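Here is my note on the model you sent. Please keep the structure open while you read.

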Amino acid sequence: MNAETVRRQGTLEIKTFSKGREVKRLVECPFCCHTFDDHDPQWKHFLEEHDPENAGLTPLGDGGKSQSPLFEPMDEIPGEFPIQSNNDYRPVAARSD
Ligand SMILES: [Zn+2]
């Protein structure tokens, strides 16, 4: 199946097929402008040529601020309603009805 249109957006090649289906392919490394061939394993380039710092991440082996919580503690959740007490939580075997 041939694409109806092929366009380039940044480092992506976007092929649009019939019914509007799009296939996006990374054709150029966003960090060093290396051009990928059609069957070039892109993961290998990233693994061998780049470090996490290239993508703004912490260096390998550096856990960053992993000891701190992801979210600030919340005293109350907005929109939450108090749980109504329901005393009819007897085991099924204890019910006589
Ligand atoms: Zn690169």
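The points below cover the zinc site and then the salt bridges.

1. This is a predicted model, in which local features need pLDDT of at least 70 and side-chain atom pairs count only at pLDDT 80 or more, while totals for chains, interfaces and linings use all residues. Residues are numbered from 1 along each chain as its sequence is written, and side-chain values use heavy atoms, with hydrogens and water left out.

2. Start with the metal. Cys29 (SG), Cys32 (SG), His45 (NE2) and His50 (NE2) coordinate the zinc ion at 1.9 to 2.3 Å. Donors here are N, O and S atoms within 2.8 Å of the metal (3.2 Å for Na, K and Ca). The donor residues follow the spacing C-x2-C-x12-H-x4-H. Cys29 sits in the loop between strand S3 (22-26) and helix H1 (42-49), and His45 is in helix H1, 16 residues apart. Both Cys29 and His45 are buried (under 20% relative accessible area; exposed is over 50%, partly exposed in between, with a 1.4 Å probe and protein chains only).

3. Next, the charged pairs. The whole structure holds 5 salt bridges (a side-chain nitrogen of Lys or Arg within 4 Å of a carboxyl oxygen of Asp or Glu). One of them joins Arg7 and Glu22, with the closest N and O atoms 3.5 Å apart. Arg7 is in strand S1 (residues 5-9) and Glu22 in strand S3, 15 residues apart.

4. Which side chains does Arg25 meet in salt bridges? Glu13 is one partner, at 3.6 Å, N to O. Asp38 is another, at 3.2 Å, N to O. Glu13 is buried, at 19%, whereas Asp38 is exposed, at 60%.

Key: Helix = DSSP H or I, 4+ residues; strand = E, 2+ residues; numbered from the N terminus.
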